[in-house]
Amino acid sequence: MKIVVAPDSFKGSLSAREVGLAIRKGVERALPHADIPVVPMADGGEGTLECLIDATGGTWRTAEVRNPLGELIEASYGLLGDGVTCAIEMAQSSGLYLIAPEQRDPLRTTTYGVGELIQAGLDQGCRRFLLGLGGSATNDGGAGMLQALGVELLDAQGGEIGQGGGELSKLREIRTAGLDPRLADCEFLIACDVDNPFVGPKGASHVFGPQKGATPKMVLELDANLRHFANLIDQTVGVAIHDLPGTGAAGGLSGALLAFLGGKLQSGIQLVIEAVGLEEQLRDADLVITGEGQIDFQTAHGKTPSGVALLAQSHGIPTIALCGSVGDGIDVLHEQGIAAVYSIVNQPMTLEEAMARTAELLTHTAEQVIRTCIMTKQKG
C-alpha cells in the first residue's frame, strides 16, 4: 500500500515534518512494508516557511533587516530546493510579535524589512518568490517595501517621505525608475486568505488596524492615507487597487505587491500544495493521512486538512485526519473527502501533558487507525 502523510504542524508541540514522521512511525508498525511518503504541509499562516523548506529540501537563510519600527534585526527566509524560489514570511521582518504591545502604532510601523528580504532573495539568485502575509504589524500599504526596492515616494518638496502609514498623507509623487531591474524577471505568488479590499469599511485599516494598535481616530486617518496612496498608484502604474479583493491583506502590502510587482494572490493552502508537489505525491496512493492541532467547523475554510482532502478526493483517494481536539461542525468535512476524524488524546490528561506527548500519541493513534483499516479491508 501507499499511504501519503500530509499534515500541518501541531502548534506549540511539533512542526509539520515532526508530525508526519510520528504518524509514519505508527503506520509502519501496522504495515511494515508500505510506501509512506511524508509531505509537510501548511496553509499560508504560521509555520509555512518551515514547511516549504522541509518539504522541498531547501535551506534556511538570514538577513539583517529593519523591524516594524526601523530597528535592525536578523530575519529568516528560505531558499527552496529548486534553487530559484525564495520563501518569505513577512512576519519575520514586519510582524506584530516583534514589537511590544505598548509600541504598536500603525502610523509608524513599516514594511521596509519585507523589501530587504526580497532583496536578499534576489542576491541569492532567486527569481520566484512565495510570500506569506500573516501576522502583520503594519498599515503602510506596502510603501516601506517599495522604498527598500528602489521606488521613490516623494513629498511636495521632492524629498522622500518617512516610514509608516501616517506618512502617506505627505505623498505627492511616485517614481519607479529606481525599482530594482531584476524584479522584471520575477514571479511573486502571495498566500492570501482574506478578501478585504485596500480601503473602505472592509479594508485594511478598518478591519485589521485596531489589532495593530490603531485607535478609532487613527483608523480613519490610515484609511484616508491608503486611499490617497491608491489614487497615486493608479495614476502612476495604471492599476486601481482600491476595491480589489485581497489587496487589504497585511495592511495593504498585498496591494503594493500586485500593483508594482505583478503579484498573484492565491489561497495559502493552494500555494503550498503546488510548491511541495502534493498532487504528484498522491499518484497511486491508497490513503491520505492529514491533521492539525484543532479540527472544527473552521477547518473547512482553507485550512490544511480541508485542502489536502479536497485534492485527494479529486483523485478518488480517502483521507483520515488526526488532531489534538475535535470541535463542533465537522460534518461538512466529510463532504470534502475526510472519511473520519480522530483525536489522539486517548485518556484524561491536561493540555500540557497532551502537548508534551504529541509525538507518542500521534504514533499510537496512527497505528490503531491503520490496523482498523486493515481489518475492515480483510473482512470486505
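Entry 1, a single residue. I looked up Ile338 and found a relative accessibility of 1%, so Ile338 counts as buried (buried means under 20% relative accessible area, exposed over 50%, partly exposed in between, with a 1.4 Å probe and protein chains only). I then located Ile338 in strand S12, where strands (E, at least two residues) and helices (H or I, at least four) are DSSP runs numbered from the N terminus. Leaving aside neighbours within four places in sequence, I listed Pro305, Ala309, Thr319, Ala321 and Leu333 in contact with Ile338, contact meaning heavy atoms within 4.5 Å.

The model is predicted, so local features need pLDDT of at least 70 and side-chain atom pairs count only at pLDDT 80 or more, while totals for chains, interfaces and linings use all residues. Residues are numbered from 1 along each chain as its sequence is written, and side-chain values use heavy atoms, with hydrogens and water left out.

I traced an open sheet of four strands in the order S1-S10-S11-S12, with parallel pairing; two strands pair if DSSP finds at least two bridges between them. Strand S1 (3-5) and S12 stand at the edges with a single partner strand each, so one side of each is left without a neighbour in the sheet.

S1 and S10 run parallel and are joined by three bridges, and Val4 stands opposite Val288 in S10. S11 and S12 (residues 338-343) pair in the parallel sense over five bridges, with Ser343 in S12 as the bridge partner of Cys323. Between S10 (residues 287-295) and S11 (residues 319-326) I found parallel pairing over seven bridges. From S10 the chain crosses through helix H11 (residues 304-314) to S11, and this β-α-β crossover is right-handed, meaning that, with the strands pointing away from the viewer, the path from the first strand over the helix to the second runs clockwise.

Which residues of H7 meet H8? I noted Leu226, Ile233 and Val237 in H7, which meet Gly251, Ala259 and Phe260 in H8. By class, this contact of H7 with H8 has five nonpolar, one polar and no charged residues (Ala, Val, Leu, Ile, Met, Phe, Trp, Tyr, Cys and Pro count as nonpolar, Asp, Glu, Lys and Arg as charged, and the others, Gly among them, as polar).
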